[in-house]
Amino acid sequence: MAKKKSAKSSLEHIAPEQGLVVKNLGSAYLVRLDSTGETVSCRAKGSFRIQGIRTTNPVAVGDRVEISLRDADTQYITSILPRRNYIIRRASNLSKESHILASNLDQAILVVSIVDPATPTTFIDRFLATAEAYNVEASIVINKADLWDADDTELAEAVASLYRSLGYKVLIVSARKGRGIDNLIELTRDRVSLMAGNSGVGKSSLINVLAPEADLRTGEISDQHHTGMHTTTFSEMVDLPYGGELIDVPGVKGFGVIDFAPEEVSHFFPEIFRIGRECKYGDCRHTGEPGCAVIPAVEEARIAQSRYASYLSILEETEEAAGADKYRKPF
């Protein structure tokens, strides 16, 4: 008589299904199945954590994955399908290399504010440089226009003018008053968009305006430090009622770059790369070398001082990382 197969062994031979990761729950992920549209809770297969993927989250919202059934109650992600692109930053946890914010994007939208809290231009530039490096179209949304006085308005217009001159889309909006929301709807319609920013810039409030059913928690601003307090705990994909998806991620305090070679940094600043082609030497780092075309352009305001300062900060960071890698023992 043939031996009866156990329920577990039968389940293990079920063909894997494919789906889309729509939420990171910390210890598990929600995956929307292609076959039924049903959303199921899955755990990452343990081998993901030992395959040399130097990241805090081997699975990211936006990933296309394969899952298989291990028992009657638990689904497991067994493989990640090739990513079209992604946005990544250096992890705040120094024991890890990086953190993937989201993958398979049509665009990345950085929400910033001029006041309460003020977003540093270095943060903006690091985000944009990362988007350039990983082939993701980037836009900027300046929120909280309802809070501005005349000086704030002038500053916001100057910031918008700078980044528009570099080819980036910039919207000025107010989630509270509804200003610019129609333009934001058109920007996000029928596209998969990452929406990121510092804590407190009003990202969750904007998403609630665009997708009221999302009902995301919003927080107050710290009176003592004029900074935002985290409201988004885990990354999540939100369906937009007019078509498209937004990926909401927890507020980011800093944006450390990852996997940039020092000689590549200028490539991710369009205006520095363009003017840098006029330098006397092809390997010019634009830090004082003879015949450098970039430094005179900064002095003549053809390159913004803030952008050049951001370039130098990233260059220094990548040079330090390259030096550390030189002396790091191989695994």
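Reader: What volume does the largest cavity have?
Author: This is a predicted model, and everything said here is computed from it. Rolling a probe the size of a water molecule over the atoms shows where empty space is left. By the rule applied here, the count comes to one cavity of 30 Å³ or more. The volume of the largest cavity is about 30 Å³.

Reader: Which strand gives the largest share of the lining of the largest cavity?
Author: The lining of the largest cavity includes Asn-24, Asn-57 and Ser-235, and also His-99, Ile-100 and Leu-101. Strand S7 spans residues 98-103, and the largest share of the lining, three residues, comes from S7.

Reader: How many residues of the lining of the largest cavity are nonpolar, polar and charged?
Author: Val-59, Ala-60 and Val-61 are among the residues that line the largest cavity, and by the classes used here Val and Ala count as nonpolar. Taken over the whole lining, the residues divide into five nonpolar, four polar and no charged.

Reader: Why is strand S7 largely enclosed by the rest of the structure?
Author: A residue counts as buried when its relative accessible area is under 20%. Strand S7 is largely enclosed by the rest of the structure because, of its six residues, the number buried is five.

Reader: Which residue in S7 is the bridge partner of Arg-89?
Author: Strand S6, made of residues 86-90, pairs with S7 in the antiparallel sense, and five bridges join them. Within this pairing, the residue of S7 that partners Arg-89 is His-99.

Reader: Which side chains of strand S3 point to the face that is buried?
Author: Strand S3 covers residues 39-44, and its side chains alternate along the strand.

Reader: Which residue in S5 is the bridge partner of Cys-42?
Author: S3 pairs with two strands described here: with S2 (residues 29-33) it runs antiparallel over four bridges, and Val-31 stands opposite Val-40 there. With strand S5 (residues 75-80), S3 runs parallel and is joined by three bridges. On that side, the partner of Cys-42 is Gln-75.

Reader: Which residue takes a positive phi in the hairpin of S2 and S3?
Author: Five residues lie between the two strands of this hairpin. The residue with a positive phi, near 80°, is Gly-37.

Reader: Is Ala-297 buried or exposed?
Author: Ala-297 belongs to helix H7, which spans residues 294-299, and it touches Ile-275, Arg-302 and Ile-303, leaving aside residues up to four places away in sequence. Because its relative accessibility is 0%, Ala-297 counts as buried.

Notes:
Residues numbered from 1 in each chain as written. Predicted model: local features only at pLDDT ≥ 70, side-chain atom pairs only at ≥ 80, totals over all residues. Heavy atoms only, no water. Buried < 20%, exposed > 50% of the residue type's maximum accessible area, 1.4 Å probe, protein only. Contact = heavy atoms within 4.5 Å. Pairing = 2+ DSSP bridges. 1 Å grid on protein atoms, 1.4 Å probe; cavity = no way out; pocket = protein on both sides within 12 Å on 5 of 7 lines; lining within 4 Å. Points joined across faces, edges and corners; volume = space filled by probe spheres on them.
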